[in-house]
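Take a moment to look over the chain before reading on.

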Amino acid sequence: MKIVFATGNRGKLREAAEILGEGFELVTPADMGITEEIPETGDTLKENSIQKAQYLYERMGCNCFADDTGLEVDALGGAPGVHSARYATDGHDFDANIVKLLAELAKVPDQPRTARFKSVVTLIIDGEMHFFEGTLEGKIAQERVGTQGFGYDPVFIADEAPGHTVAELGDEFKNRISHRGKALRAMAAWLRENS
Ligand code: IMP
């Protein structure tokens, strides 16, 4: 099945292709000549996920899905949450976001460092919207470790792999336990049953 994934993030695209497997051919907005950044101005992950999928559907009229992901850190009252991409700067700067996250946590040294990734996927198929969600529980490391994955992975320790950050685990293990893996496998199961 050919379907457009509303993302410009190479890490997300690679993961989604691995999670969805051979039955799906993923196309990106860039593949279809859409090079502008897709807006995400909502107040919640779900609003952003809908906004990204709708933006593409209105332009291309094709079946598509979008994922919006946030990192919720309990000691920071749920921040960065929906602002995870632009936590430190206006420009999806992974390094600066991690530096800011560790600095904010250093201000509250006695608090537990529990956190979670949440993903909301919006699928638009034949003009109808469907939603799929996934969560990965864990905690924020004291320092960055590992070079795989992307985004906040070098400072996120999943409950399923307590000795390592997600950036040390490799795609296969990450995809098995991750927020995006759970949401996209639910989407794939729905598509297999309904299309
Ligand atoms: P968005 O869903 O592309 O808006 O992502 C929000 C922010 O979370 C970006 O800074 C991403 O790099 C980061 N992010 C999204 N998914 C992951 C992930 O699986 N691991 C680590 N960081 C992520």
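Helices (H or I, at least four residues) and strands (E, at least two residues) are DSSP runs, numbered from the N terminus. This is a predicted model, where local features need pLDDT of at least 70, side-chain atom pairs count only at pLDDT 80 or more, and totals for chains, interfaces and linings use all residues. Residues are numbered from 1 along each chain as its sequence is written, and side-chain values use heavy atoms, with hydrogens and water left out.

Start with the ligand. Which element gives the most to the shell around the ligand? Strand E3 does, with three residues. E3 spans residues 64-73. Helix H3 (94-106) and helix H5 (179-194) also supply at least two residues each. In total, 18 residues surround the ligand. A residue is counted as near if one of its heavy atoms lies within 4 Å of the molecule. The closest are Lys12, Thr69, Asp153, His179 and Arg180.

Now look at single atoms. Polar contacts are pairs of N or O atoms within 3.5 Å; within protein, one atom must be able to donate a hydrogen and the other to accept it, and residues adjacent in sequence count only if both atoms are side-chain atoms. The side chain of Lys12 has an N or O atom 2.7 Å from an oxygen atom of the ligand. For His179, the distance from a side-chain N or O atom to a ligand oxygen is 2.8 Å. Lys174 places a polar side-chain atom 2.9 Å from a ligand oxygen. How much of the ligand does the protein bury? Taken alone, the ligand exposes 480 Å², and the protein buries 97% of that. Such areas come from the Shrake-Rupley method with a 1.4 Å probe; for residues, only the protein chains shown count as cover.

The space taken by the ligand is the largest pocket. Pockets are found on a 1 Å grid over the protein atoms alone: a pocket is an open set of points with protein on both sides within 12 Å along at least five of seven lines. A molecule sits in a pocket if more than half of its atoms lie within 2 Å of the grid points.

Go back to E3. Gly70 lies in this strand. Is Gly70 buried or exposed? Its relative accessible area is 2%, so Gly70 is buried. Buried means under 20% relative accessible area, exposed means over 50%, and partly exposed is in between (1.4 Å probe, protein chains only). Gly70 and His179 are 109 residues apart along the chain. Their C-alpha atoms are separated by 10.0 Å.

Next, the cysteines. How many disulfides does the structure hold? It holds zero. A disulfide is a pair of cysteine sulfur atoms within 2.5 Å. The sulfur of Cys62 has its closest cysteine sulfur in Cys64, but the two are 5.6 Å apart, so they are too far for a bond. Cys62 is buried, with a relative accessible area of 16%. Cys64 is also buried, at 0%.

Two backbone features deserve a look. A cis peptide bond joins Ala79 and Pro80, with omega about -5°. Pro80 is found in strand E4, residues 80-81. Then find Asp126. Asp126 has a positive phi of about 50°, although it is not a glycine. It lies in the loop between strand E5 (114-125) and strand E6 (128-140). Asp126 counts as exposed, at 68% relative accessibility.

Lys107 lies in the loop between H3 and E5. At 59% relative accessibility, Lys107 is exposed. Its side chain meets that of Glu104 in a polar contact of 3.0 Å. Arg116 sits in strand E5. Arg116 is buried, at 13% relative accessible area. A polar contact of 3.0 Å links the side chains of Arg116 and Asp74.

Finish with two residues and their distances. Leu56 lies in helix H2, residues 45-60. Leu56 is buried, with a relative accessible area of 0%. The C-alpha atoms of Leu56 and Ala167 are separated by 30 Å. Pro39 lies in the loop between strand E2 (25-27) and H2. Pro39 is partly exposed, at 30% relative accessibility. From Pro39 to Val99 is 60 residues in sequence and 25 Å in space, C-alpha to C-alpha.

Conventions. On a 1 Å grid over the protein atoms alone, a cavity is a set of points where a 1.4 Å probe fits but cannot get out, and a pocket is an open set with protein on both sides within 12 Å along at least five of seven lines; lining residues have an atom within 4 Å of a point.
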